[in-house]
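This report describes selected secondary-structure elements of a predicted model. The sequence and coordinates are displayed below.

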Amino acid sequence: MTSSPTSLLQRLLLDPTRAERVTHVEHVPARLGRRADWPVWVPQLLVDRLALQGVPAPWEHQAQAADLARGGQSVVVATGTASGKSLAYLLPVLSSQLEDDKATALYLSPTKALATDQLRAVRALNLVQVRAATYDGDTAHEERDWVRRFGTLVLTNPDMLHRGILPRHSDFGRFLRGLKYVVVDECHTYRGVFGSHVAQVLRRLRRVCARYGADPVFLLASATVSEPEVSASRLVGLPVTAVSADASPRGTTEFALWEPPLLESYGGENGAPIRRSATAETGDLLADLVVEGARTIAFVRSRRGAEAVAVNARRAVQEAAPELASRVAAYRAGYLPEERRELEKRLQSGELLGVAATNALELGVDVAGLDAVVLSGWPGTVASVWQQAGRAGRAGQGALAVFVARDDPLDTYLVHHPAALFGRSVEATVLDPSNPYVLGPHLCCAAAELPLTEADLPLFGEPAEVELLLGDLVRRGLLRHRPKGWFWTSRERPDADLRGAGGPPVRLVETGTGRLLGTVDNSSAHAQAHTGADYLHQAESYDVELLDLEEAVALVRPDEPDYSTSARDITDITVAETLRTTTYDGVELSFGTVDVTHQVVSYLKKRLRSGEVLGEEPLDLPPRQLRTRAVWYTVSAALLERAELGWADIPGAAHAAEHAAIGLLPLFATCDRWDIGGVSTALHEDTGLATVFVYDGHPGGAGFSERGYTRAADWLRSTRDAIAACECATGCPSCVQSPKCGNGNDPLDKAGAVRLLDVVLGSGLGSSGLAG
């Protein structure tokens, strides 16, 4: 494609009805790159090999990060997509191995594909002193033995480190003794409960390394996030220096925000208006861009969605330009490595013009020279928005990015408040390694690896709290306490489910074959794997035929329905302990520990393309108890009167404000709306006032509600603005309706919610900045 991003967007908008869908176009200017000299300590051999790969000199941020790591400081490189973060960590890693044949390094990535890409890049340098190899679930047993005996750069993932390396650390003695560097790539993806587990795995790694006399430097690579040094330090448990001044070049980007139109002939729940689906809009945009000759990726959240976008785009291209139809494809998890490489090759060469992809292409896979990116709905974080948008223009040329909003409060807010994307820093990565439901299993794992001593306690958290938790593990018979420390008591190895907390994971078993597909954490099974659920596992769609809670198993079969399901639950909440409170004029904002009782009572079926509600099916599941963390605010009777809310109006207003607040919290905490829950009441028994709660949906908390407490002013102001800006009359999925509401989204008072939030923000909370 030779046309500019601006002219490409203009051609997409020739149809006047389409032009109405664009709510904002942001011009992101080009940036010149700034080179630095090679650090004096980089061996000439490495400089020469990099030059052969087209790297004449490092960018300034690459040289700065490499110098810090070489000097013994752990460092996080938090710069944009395609800014060359890999060179920043490879310079010290490879240099150390060229200088010392006993030096080793460990590379951790969230996906096997990314580790494979890094391995390919290292081997392309043809450095015989560097013996690089992957070590994951796909590695053959004979190859694993070679890696343990001879590998100097081992590329793996947190799961294999947790289950395959640390429990067998004596087999890796040679490797661990020489460990100079640990690289944690895409570290912004380690958030919430999963991030908290990975943080404890890394602490266990540091402890085992110390046993072998090693004290490795950590090099972390992150997308652009807020306070990267704080998040990175919490992840690894060490002071970390941030390098965030991106010196790489960037082409011009035109970034359009796109809101699908309302559908006149369809109605949602309680007759609410609904919009054309983001998936359908994305398919049309991908087709039009292909016809224009623009190499384009459309990012879609699920495998089924990616396949649907590709099929619809190919059909549209077949009608407009039949010769281009074969140049549209889907790219998702589940492909064989050779299939994935072939797709990447076709995309890079220009043979493929359009690809509908899940986030498999978001995390670092090197695809350059793209002209456009379409984002089908909010990808989870602002960091991911820029990670995906940065896939276009990676060769330094101009690019077009289009964000297509789903029928959801957060998406709607973003397309009407562009400053939330373009005028603010991205969110911080949220994790809580001290969560006892996370920490407890890792203390057991650590004790099985090496007996725990008093000196180890500060590594895992506040020593007094860790010792208290150890006492509980001893009382439960999991550990034995002796004068020299704490010992694991069983012959079987302990385990921790890195992606869950609280109860055994529920196994997903395919009927007919008996194949174990994977697991879903216990706390999520009722809502995600109930009988009748349309369950997505590794982007593949399955119908849950039966959820057996006693056996902790869900029987599933492959299916491709034309609808999605969403569970609905009812919830009660009591305050166990208030940890922090800030008082304003008629409003109290609090954060603390709560006990939640919730029960999944039914599920909705919604047509995929239109969002039309097809029906609601009842479920018979027992209530569940959850001790977690929450943020809540109370509103005095005087303020309610000022908001013109009578006693009968309060439930609907508070309920609508609660739903919208849940939808907007992911803008400030790195979570999904399904990671959190809420309760609202006109009179709560623990507070004696009208109260709105938002809680973490994981045992012990995940840090999301705490982030809501510290960002309450911005969060609630955005919530108010999102409701007020929605063009519906009484409430819809774009503002105050929730797909998981067990009360059938009734009562909801949209106008009352705006008035309620007005008096809350006017109490002084709205101008308070961070809560204390």
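Seven strands form an open sheet in the order 1-9-16-15-12-14-13, with mixed pairing. From one strand to the next, the twist averages 15°.

Strand 1 runs antiparallel to strand 9 (residues 253-258), and six bridges join the two. Within this pair, His24 has Leu257 of strand 9 as its bridge partner.

## Helices across the sheet

Helix 12 lies across strand 9, strand 12 (296-299), strand 13, strand 14 (354-357), strand 15 (372-376) and strand 16 (399-404), and runs at about 170° to strand 15. Helix 15 (residues 382-389) lies across strand 1, strand 9, strand 12, strand 15 and strand 16, at about 145° to strand 15.

Helix 12 (residues 278-291) has 14 residues, which at 1.5 Å a residue should span 20 Å; the end C-alpha atoms are 20 Å apart, in agreement with this value. Because 10 of the 14 residues are buried, helix 12 is largely enclosed by the rest of the structure. Among the buried residues are Glu281, Thr282, Leu285 and Val290. Gly293, which follows helix 12, has a positive phi near 85°.

## Strand 27 and its partners

Nine of the 12 residues of strand 27 (residues 624-635) are buried, so strand 27 is largely enclosed by the rest of the structure. Strand 27 pairs in the antiparallel sense with strand 25 (residues 587-607) over 12 bridges, and Leu589 stands opposite Tyr633 of strand 27. Strand 27 also pairs with strand 29 (residues 690-696), again in the antiparallel sense, over six bridges; here Thr634 stands opposite Thr691 of strand 29.

Terms used
Residues numbered from 1 in each chain as written. Predicted model: local features only at pLDDT ≥ 70, side-chain atom pairs only at ≥ 80, totals over all residues. Heavy atoms only, no water. Helix = DSSP H or I, 4+ residues; strand = E, 2+ residues; numbered from the N terminus. Expected span 1.5 Å × (residues − 1). Buried < 20%, exposed > 50% of the residue type's maximum accessible area, 1.4 Å probe, protein only. Pairing = 2+ DSSP bridges. Axes fitted to C-alpha atoms, helices over the stretch in contact; angles between N-to-C directions. Contact = heavy atoms within 4.5 Å.
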